[in-house]
Amino acid sequence: MFGYYLELALRSMRRSPALTVLMVLAIGLGIGASMTMLTVLHVMTDDPLPGRSAHLYTPHLDPLPLNFKTDAMGTNPSQNLAWPDAMALLHAHHGVQQAAMAGGSVLVWPQRADLQPFYVDGHYTTHAFFAMFGVPFVEGSAWTDADDEAGAHVVVLAEALARKLFGTADAAGKTVRLGKLDYRVVGVTTDWAPKPLFYADASAKFYSDADQFFLPLADVLGSKLGDDELQISGNISGWSNFDGNLRDPSTTWIQFWVKLDTPAQVRAYQRFLVDYSAEQKSLGRYQRPPTNAKLYSLMGWLRHENLVPDDVKLQMWLALGFLGVAMLNIVALLLAKFLRRSGEISVRRAMGARKRDVFVQFGIESALIGVAGGLLGLGIAQVGLWSIRQRPDDYAHLASMDPSMLAGTVLLAIAASVLAGLLPAWRACRVPPALQLKTL
Amino acid sequence: MQIQPILAALRKHRLATLLIALEIALACAVLCNACFMIASRLSMMHVDSGVDEGALATVQLTGYEPAKAADVDARAVAALRAVPGVQSVTLLNSIPFGMRRGTAGITTDAAGQHFGGVIEFYVGGAGSLRALGAQLIAGRAPQADDFHPFTGLLPGDAPIQITQALAEHLWPGANPLGKQIWLDKSHFRVVGVLKTLVRPDPPGWPTEQRAWAVFVPAQPGPFLTGSYLLRANPQDLPRVMRDALAAVTKAVPDVVIDREDSHTLIELRQKTFQNDRAMAGLLIGVIVALLGVTALGIVGLASFWVAQRRKQIGVRRALGATRGDILRYFQTENFLIVSFGIVLGMVLAYTINLLLMTHYELPRLPFFYLPIGALVLWGLGQLAVLGPALRAAAVPPVVATRTV
């Protein structure tokens with residue numbers, strides 16, 4: 001019967017082309033707008049490291065004084081760690097792997113005469129960063145634990161930066177001038193850019209371009225953070241006067257991530273954080289309850305940070321409202337279309353079709369319109385996403401559809417039109433056949 | 001025109017009438033709120049900067065130690081002054097629509113108890129306020145002995161010029177001249193009032209805070225360096241900008257020119273509002289599409305009703321109704337449905353606005369948007385039904401005599 005209904009539906013669509021075009025257009029526009037915004041939402045809340053994110057956690061301590069009030073700018077120093085806390089967590093080795101990091105930017109002085117000096121963004125981190133996050137290397141490897149302790153002047157470059165500076169990704173062993181000092185390149189990574197950049201400072205933009213360099217965290221301790229030195233791109237905040245000493249226990253600027261494989265390890269680490277806070281409290285450094293210490297999973301952290309800007313959410317609601325209007329439109333038009341064929345329905349009923357059969361017939365017709373509208377909506381959504389990619393927002397370059405969204409578009413279109421067609425189909429199948437047959 | 005027959009006829013098609021009314025209601029609600037959002041963005045994009053944007057440009061240098069500031073400034077300023085067409089070169093730390101280097105929270109008392117707000121401190125060398133072209137409406141402009149060297153973010157003590165908006169906020173109704181503000185240990189005395197001076201980043205602030213700025217005179221030095229304000233004739237400005245960048249590259253090759261932030265103020269203004277232009281464009285696109293879909297829906301349904309009632313129309317024509325009567329009948333019917341939808345739509349518009357206010361901190365919808373939305377939808381409905389109504393009016397009376 002499915003093939004028969006399909007044929008009936010196609011025939012009826014051909015018989016009233018204007019009405020069909022109207023409905024397909026309405027569904028297409030509504031679906032196109034909605035899918036554009038839903039895709040943007042999807043990429044902004046997507047899993048940045050599929051396969052690894054389930055095992056990555058970030059600890060947060062609460063070293064603030066009891067009477068601390070966030071200032072007018074709203075920065076909360078307990079979002080990051082201070083140097084002594086980060087080093088204590090690092091050297092405790094309680095997780096399978098752990099790394100401390102901070103975002104940075106540095107002035108690169110290329111050796112090539114035709115390149116002007118330029119700033120690049122990157123991260124200062126410890127050696128376990130690469131293994132923990134699974135950063136693939138094109139050449140060389142990360143630096144060692146000894147390099148971390150000594151604050152050695154070594155750097156890992158991203159492939160794009162290595163090519164820009166040396167013309168080739170084969171840069172291991174070469175030197176590059178960053179800020180005021182020379183650094184030896186020990187490794188080159190592929191252009192690795194998890195979306196969103198979840199390990200960045202919460203106040204930095206999560207969607208900024210990938211990190212181009214990685215330096216040992218200890219290297220930034222000696223910097224006065226001037227324009228021509230290693231700079232920190234992220235919040236440096238605290239509850240007492242910052243005099244430039246990054247080792248200050250009351251100034252936070254470091255992010256920390258740890259890999260924990262089993263739930264037992266997660267619980268053990270949570271206990272460790274509480275024990276550490278209690279120890280600091282007994283030493284007089286912490287003032288707040290030790291149970292304020294928290295451990296967030298990666299996806300939990302992204303949810304906590306509420307990454308999606310209000311603008312995007314507003315646009316999504318607008319698009320869904322538009323889809324709602326389009327669906328109401330479809331309901332009215334389908335009602336008109338089905339009721340116009342009362343004579344045809346009555347003939348079918350007189351020949352033995354049940355109400356159910358008529359209902360299914362019209363349901364399939366709605367679904368067919370949904371398919372056509374979905375394909376049109378796909379095209380419109382691609383145009384919409386292209387226009388979003390031209391925008392200056394930092395999430396703009398991520399706006400493109402992956403296969404799941406493509407399938408979702410057509411499914412949404414079919415679901416919307418079937419839903420819209422339910423009421424008209426139900427009204428149509430209840431038409432009393434005898435009345436209609438008389439007027440034929 | 002009798003309304004009763006129309007209502008009686010509509011009662012037979014309750015469902016379709018309700019659907020169209022709901023569609024109009026939703027369209028009205030979305031239309032009113034979207035238009036309001038567009039209007040807010042557009043008014044923000046047209047904020048009065050208080051400076052002569054067309055005549056100003058900035059050059060930003062970076063990548064050198066504070067100890068070399070005097071030398072770099074001397075060479076750069078000399079090179080910039082030598083560029084033909086440049087009327088003045090002064091130092092200014094923050095640039096309207098550009099770099100932001102002086103944002104801080106202030107208090108109106110020395111003890112730091114009364115928080116005044118987060119404002120922008122424009123710290124500038126001699127001649128910079130005059131170069132900006134900001135209009136002084138009370139008090140005095142900075143004088144030669146107001147400019148002192150300083151260390152840190154701001155001078156510890158200085159006479160300042162304040163914008164009228166900020167003065168009204170800090171001391172409503174009072175004369176601001178002579179009043180003082182504090183920032184940690186620094187304190188400033190108001191000696192002049194500016195008509196307005198926009199912050200470097202208006203999109204990030206609520207409407208009333210966009211002009212909260214003060215001008216602090218200070219002597220250029222290690223903490224006021226590398227940020228130059230150029231003034232030239234508006235016609236010469238593009239050429240002057242190009243020549244200025246070339247001149248600075250030659251005169252001070254050992255520093256980095258921040259090309260991303262070195263532009264004319266008009267270009268900086270356009271970049272600042274790029275996002276808002278994009279959002280406004282998107283909203284306009286959605287509104288047009290929404291109105292289009294609604295109109296098409298009305299056309300489709302009206303066509304169906306006309307086709308369904310052919311016999312009825314024929315009978316009426318045979319009984320003496322003119323074409324105009326039939327036309328008016330359908331237009332009135334559409335008017336009634338749209339009115340019903342608009343009434344629902346007003347309620348829905350305000351509900352949606354309340355939701356937006358609580359969740360997204362948007363301002364309240366002003367009342368005059370509702371009549372405007374109503375008029376637009378009435379007009380849209382009438383235009384949309386015109387085609388089918390004319391077709392109805394063209395039904396000849398002889399249809400009444402046929403049985404098919």
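User: What is a polar contact here, and how many residue pairs make one across the interface of chain A and chain B?

Analyst: A polar contact is a pair of N or O atoms within 3.5 Å, where one must be able to donate a hydrogen and the other to accept it. In this predicted model, the rule finds three such residue pairs across the interface of chain A and chain B, both residues being at pLDDT 80 or more. On the side of chain A that touches chain B, H9(A) gives the largest share, 21 residues.

User: How many salt bridges are counted between chain A and chain B, and which side chains meet?

Analyst: The count is one salt bridge. Glu65(B) and Lys180(A) meet through their side chains, at 3.8 Å from N to O.

User: How should I read the size of the interface?

Analyst: The size of an interface is often given as the accessible area lost when the parts come together. Here chain A and chain B bury about 3,500 Å² between them, with 76% of it on carbon and sulfur atoms. Of the area that chain A buries against chain B, 17% comes from Leu314(A), Leu318(A) and Leu328(A), more than from any other three residues. In terms of contacts, 40 residues of chain A meet 37 residues of chain B.

User: Is Ser227(B) buried or exposed?

Analyst: Buried means under 20% relative accessible area. Ser227(B) has 2%, so Ser227(B) is buried. This residue lies in strand E10 of chain B, and its side chain makes a polar contact of 3.0 Å with that of Gln60(B).

User: Which residues form the nonpolar patch on the surface?

Analyst: Leu18(B), Leu22(B), Phe340(B) and Leu344(B) form the patch, with about 330 Å² of accessible area together. Helix H2 and helix H10 of chain B each give two or more residues to the patch.

Methods. Residues numbered from 1 in each chain as written. Chains lettered and ligands numbered in written order. Predicted model: local features only at pLDDT ≥ 70, side-chain atom pairs only at ≥ 80, totals over all residues. Heavy atoms only, no water. Helix = DSSP H or I, 4+ residues; strand = E, 2+ residues; numbered from the N terminus. Buried < 20%, exposed > 50% of the residue type's maximum accessible area, 1.4 Å probe, protein only. Patch = residues over 30% accessible without salt bridge, like charges linked within 9 Å, V, L, I, M, F, W, Y side chains within 5 Å. Areas by Shrake-Rupley, 256 points an atom, 1.4 Å probe, with all protein chains shown as cover. Salt bridge = Lys/Arg side-chain N within 4 Å of Asp/Glu carboxyl O. Contact = heavy atoms within 4.5 Å. Buried area = accessible area lost by both parts, 1.4 Å probe.
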